[in-house]
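Hi there,

Here is the structure I promised to pass on. Have a look, and my notes on the aromatic rings follow below.

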Amino acid sequence: MNYASKMTSDVKEGPVITLSNGLSVPILGIGTSPVGGYSHEALVCALKECGIRHIDTARLYKCEDLVAKSVKESGVARKELFYTSKAWPTQFGYDEVKKTLKKSLKDLGVEYVDLYLLHWPICPSGTKNPKELIAESWQALEECYQQGLCKSIGVSNFEEQHLNDLKETWTVVPHMNQIELHVFNYPKKLIEFCENLGIKITAYSPLAKGKALIHPDVLKIAEEHKCTPSQLLNKWITQKGIITIPKSTKPDRVKENAKIVDITLTPDNVAKLDDISNHEMFSVYVVTQQNIDEWGASLE
């Protein structure tokens, strides 16, 4: 399947992916996860010097107000930006999701976000009916979408069964599924399942917390293309028509990640990188029920 079939280009934003509702999403974004801390300097650099226009954040990250300050300093206009944020499972529920989205809007200093996600399909301990809780949370997002509070809606870390469960009640098909995706974790079956439903994919942790940067095959192919391992790994993702949101607290690394447009991998290169997870498959993010509860408690 050609995942890049709907990839278009925009001079101002660079390459974009078009969602099922026609909304364009910059294929290269920047993450703001709490790993390594928040970097005001890195985000300003991404926006002001690198032309990156897609910012990924979440209530869990506790930095939406900091993002607002960085955007203001960058001088980039709201209309040029694509904001993604997310509600944590302890914020699920019809009323709670709506309240959480409005808090995100307030902290970000915007009237709408471009994409809002349900962050994880694991519900808080004690939830009597997880399937029902996720369904009513999705209903709330559908209504926020209709009201224009978010220009698109989606999920994160949802597997096929979670999507099939949600499919029973949704009236709006998720526009996006944000998942952990790198050479050690390439869930081709899930990607194809989402594509068949019209759901686009965003890859987080594209460098596998740095572990992919030293893989022999990655180093060899990067040398062949005279690029860095991080550039190669991000290009491997975007060449499939998948969005990538690498996180870095260092401006130099941000600039490095932004320079992937001119790299074109050969079919053999892609096949070699695709094959890594067939032999060395692992996840760098393992979230447990305890994590859901403890991290959620810190948001209250």
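Is W295 buried, exposed or partly exposed? With a relative accessible area of 34%, W295 is partly exposed. Please keep in mind that this is a predicted model.

Four aromatic pairs turn up in the structure, and one of them joins W88 to W295. The two rings are tilted, with 45° between the planes and 5.9 Å centre to centre. W88 comes from the loop between β6 (82-87) and α3 (94-108), while W295 belongs to helix α11 (residues 289-297), so this contact ties together parts that are 207 residues apart in sequence.

Another of the pairs is F184 with F282, and here the rings are stacked: the centres are 4.5 Å apart and the planes make an angle of 20°. F184 sits in the loop between β9 (176-180) and α6 (188-197), and F282 in the loop between α10 (267-279) and α11, so the parts tied together are 98 residues apart in sequence. F184 is buried, its relative accessible area being 4%, whereas F282 counts as partly exposed at 31%.

Terms used. Residues numbered from 1 in each chain as written. Predicted model: local features only at pLDDT ≥ 70, side-chain atom pairs only at ≥ 80, totals over all residues. Heavy atoms only, no water. Phe/Tyr/Trp six-rings, centres within 6.5 Å; stacked < 30°, edge-to-face > 60°. Helix = DSSP H or I, 4+ residues; strand = E, 2+ residues; numbered from the N terminus. Buried < 20%, exposed > 50% of the residue type's maximum accessible area, 1.4 Å probe, protein only.
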